[in-house]
Every structure is written in structure tokens, then in C-alpha cells.
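Reader: I would like to go through this model feature by feature, with the general idea before each case. Please start with charged side chains.

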Amino acid sequence: MAFETRRMWGGLCLVAAAALVAPTNGAWAAPRDTPSSSAALADRLDPLAKGERKAAKITANKVTAGKVEVALQSGGRQAQVSGSTVVEGDDTDFVVRGLDDGAQILAVARDADSLTQHYTFTGRYLELLDSGAVVVRASDSTSEPLAYIEPAWAKDKTGARLPSSYTVDGSTLIQTTSASSTTVFPVVADPRVRSTWYGWSVDFTRYETGRISKSTASCSAVAGLVALGSGGVGIVATAIVAACGALSVFADTAVEAGKCVSVKVLHGGLGVVPWMPKCYK
């Protein structure tokens with residue numbers, strides 16, 4: 001197997017903000033936000049660490065982070081504000097902030113209907129995990145993972161957290177946030193997409209893939225070799241062993257397709273994402 005420790009995926013964060021809602025009289029339209037106020041709201045509700053901000057890659061309504069391109073659901077005039085690019089829309093402004101490992105998009109919406117946001121990952125396959133996170137793959141369910149979207153979160157203007165979650169429709173990520181009569185708008189909802197996460201990559205050979213496919217026990221035995229081959233990085237082996245039940249089934253498909261198994265392990269051993277490249281030996 002080939003073992004590599006590296007910065008795997010970087011960051012692209014998408015944030016939605018909504019409208020003013022009266023506690024007893026239904027929804028009102030929020031005043032039109034200026035580019036400066038939209039950027040200021042983004043900075044206050046989700047401040048960046050020092051040194052994290054960089055120039056964002058954005059063309060028209062498309063934001064690029066690594067190998068991932070995300071199309072916003074709308075877009076118009078652009079303004080540069082304090083290191084951010086604000087893309088003005090009819091009902092939603094998008095604040096785009098470049099980060100050390102990708103980019104961040106914050107959607108500042110002005111009415112309650114804009115609490116649902118759509119982001120299209122052009123030509124990519126989206127996989128919704130049980131944890132609520134999303135893996136962005138190159139083309140299908142067995143292709144290389146290119147990005148990782150952390151579980152959704154949302155806050156209102158006061159910083160109070162709101163229920164927010166993802167659904168997937170083809171290559172489109174849909175984030176839905178729920179407000180209540182006590183919600184103070186605008187609301188900022190964050191799907192953080194990291195197109196280079198920090199973690200490890202493990203590539204198994206054809207022989208090792210065959211062993212993994214035989215049983216969970218065989219998979220565990222192969223996983224045990226990872227620590228030996230990588231200077232004692234036991235956390236990686238532990239994460240792979242924990243995933244061996246599903247990984248054995250995945251390896252069966254790889255063997256049938258004449259491919260091998262590779263896995264990307266999140267930093268800290270928080271998860272294992274497999275894919276099927278061509279065998280390197």
C-alpha cells in the first residue's frame with residue numbers, strides 16, 4: 001500500500017442569511033442590504049482566523065476551490081469589501097471570502113423565502129452521509145472524493161443557532177434552515193465545503209484490495225499494516241478497522257471492476273471515505 005500524509009482538501013463555505021420576521025404578524029421584507037452591511041454581517045457571525053483570508057476565485061456566479069466549482073443560484077453586480085467579494089442578487093447577496101484552503105460563500109437573504117439555498121457543484125457527484133456531512137466526488141459514487149462539506153449550521157442576527165440541514169438533488173446541494181417567531185433576521189447558514197481537508201490518504205494494492213474484500217477480519221489485518229508502514233500512525237489504522245464492515249463490501253465491487261481501493265481518512269480519524277482508482281500495482 002502507499003501511505004501519504006498531506007493536506008487533502010481545502011475549504012469553501014456557503015452561508016445563507018434571511019429576512020425580517022414579525023413575532024406575531026408573519027413575515028416582512030428586510031431592508032435592502034448594502035454590500036458593506038452584508039460583508040460586515042458575515043464577518044461578525046463567522047469571524048475568520050488571522051491569516052486565513054485570501055483572494056477568492058470567482059467568475060460571474062461561479063466560485064472555484066481546488067477542483068470544485070460551485071454555481072450560485074443567482075448573481076449580478078460585484079463589489080469588493082474588506083477582502084470579500086459581494087455578489088448582489090435580487091433577493092440574496094453572496095459574500096465570497098477566499099480562505100487558506102479554499103473559499104467561503106455567505107448568502108445574505110432578505111426575505112423568509114430565501115431560507116433555502118441551492119448550490120450546484122458543476123459535473124460532480126454529491127453523497128449525503130448519515131452525519132449530515134456531504135462528500136463531493138469527481139463523477140460517481142466510487143470516484144475520487146474532491147471535497148468534504150461539514151454538517152450544516154445556521155445562526156440568526158443575535159448568534160442564536162437555528163435548525164439547518166442538507167438534501168442533495170443530483171449535483172445540487174440544498175440547504176434548508178428553519179426560523180421561528182423569535183428569530184432575529186438576517187440569518188447566516190453555513191455549509192462549509194473543504195476541497196482540501198487535513199488528513200491521510202491510503203492506497204491499497206490489488207492484492208491488499210482482494211484481502212479486504214474477503215472478510216472484515218482480513219480487512220482489519222490489512223489495516224493493521226498501515227501503522228507499520230507509516231511510522232506508527234495508529235489512528236489511521238484504527239479508523240480503517242472501524243470502517244471495515246462497509247469497506248469489505250466496497251472492495252468486492254472494486255475487485256469485480258478490476259480496480260483497487262483507496263481511502264481518505266479525516267484528520268483525527270473522524271471518518272473514512274473510500275474510492276476506486278486504477279491499481280498502482
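**Salt bridges**

Author: Lys62 and Glu69 form a salt bridge, with 3.9 Å between their closest N and O atoms. The term stands for a side-chain nitrogen of Lys or Arg within 4 Å of a carboxyl oxygen of Asp or Glu. Side chains of opposite charge can pair when their charged atoms come close. This is a predicted model, in which local features need pLDDT of at least 70 and side-chain atom pairs count only at pLDDT 80 or more, while totals for chains, interfaces and linings use all residues. Residues are numbered from 1 along each chain as its sequence is written, and side-chain values use heavy atoms, with hydrogens and water left out.

Reader: Are Lys62 and Glu69 buried, exposed or partly exposed?

Author: Buried means under 20% relative accessible area, exposed over 50%, and partly exposed in between, with a 1.4 Å probe and protein chains only. Lys62 is partly exposed at 34%, and Glu69 is partly exposed at 28%.

Reader: How far apart in sequence are the parts tied together by Lys264 and Glu144?

Author: The closest N and O atoms of the salt bridge between Lys264 and Glu144 are 4.0 Å apart. Lys264 is in strand β24 (residues 262-266) and Glu144 in the loop between β15 (134-137) and β16 (145-149), so this pair joins parts that are 120 residues apart in sequence. Lys264 is buried, at 2% relative accessibility, and Glu144 is partly exposed at 25%.

Reader: Where is Lys155, and what is the nearest side chain of opposite charge?

Author: For charge, Lys and Arg count as positive and Asp and Glu as negative, while His and the chain ends are not counted. Lys155 is in strand β17 (residues 153-156). Lys155 is buried but has no salt bridge, and the nearest side chain of opposite charge, Asp46, is 6.1 Å away. Contact means heavy atoms within 4.5 Å. Leaving out residues up to four places away in sequence, Lys155 touches Leu45, Ala160, Arg161, Leu162, Pro186, Val187 and Val188.

**Strands and helices**

Reader: How many bridges join β19 to β20?

Author: Two strands pair if DSSP finds at least two bridges between them. Strands β19 (residues 164-169) and β20 (residues 172-177) run antiparallel and are joined by six bridges. Thr167 has Ile174 in β20 as its bridge partner. The two strands form a hairpin with two residues between them, and Gly170 in the turn has a positive phi of about 65 degrees.

Reader: Which residues other than glycine have a positive phi?

Author: Ala60, not a glycine, has a positive phi of about 55 degrees. Ala60 lies in the loop between β6 (57-59) and β7 (62-65) and is exposed at 53%. Ser82 is another case, at about 50 degrees. Ser82 is in the loop between β9 and β10 and is exposed at 60%.

Reader: Which residues of helix α4 are buried?

Author: In α4 (residues 234-242), the buried residues are Val236, Ala237, Ala239 and Ile240. Taking the directions from the helix axis to the C-beta atoms, these residues fall within an arc of 160 degrees, so they line one face of α4. Thr238 and Ala242, on the other side of α4, are exposed.

**Confidence**

Reader: Where does pLDDT stay under 50?

Author: pLDDT is the predictor's confidence in each residue, from 0 to 100. The protein averages 80, and 81% of the residues score at least 70. Over residues 1-29 pLDDT stays under 50. Where pLDDT is low, the predicted coordinates should not be read in detail.

Terms used. Helix = DSSP H or I, 4+ residues; strand = E, 2+ residues; numbered from the N terminus.
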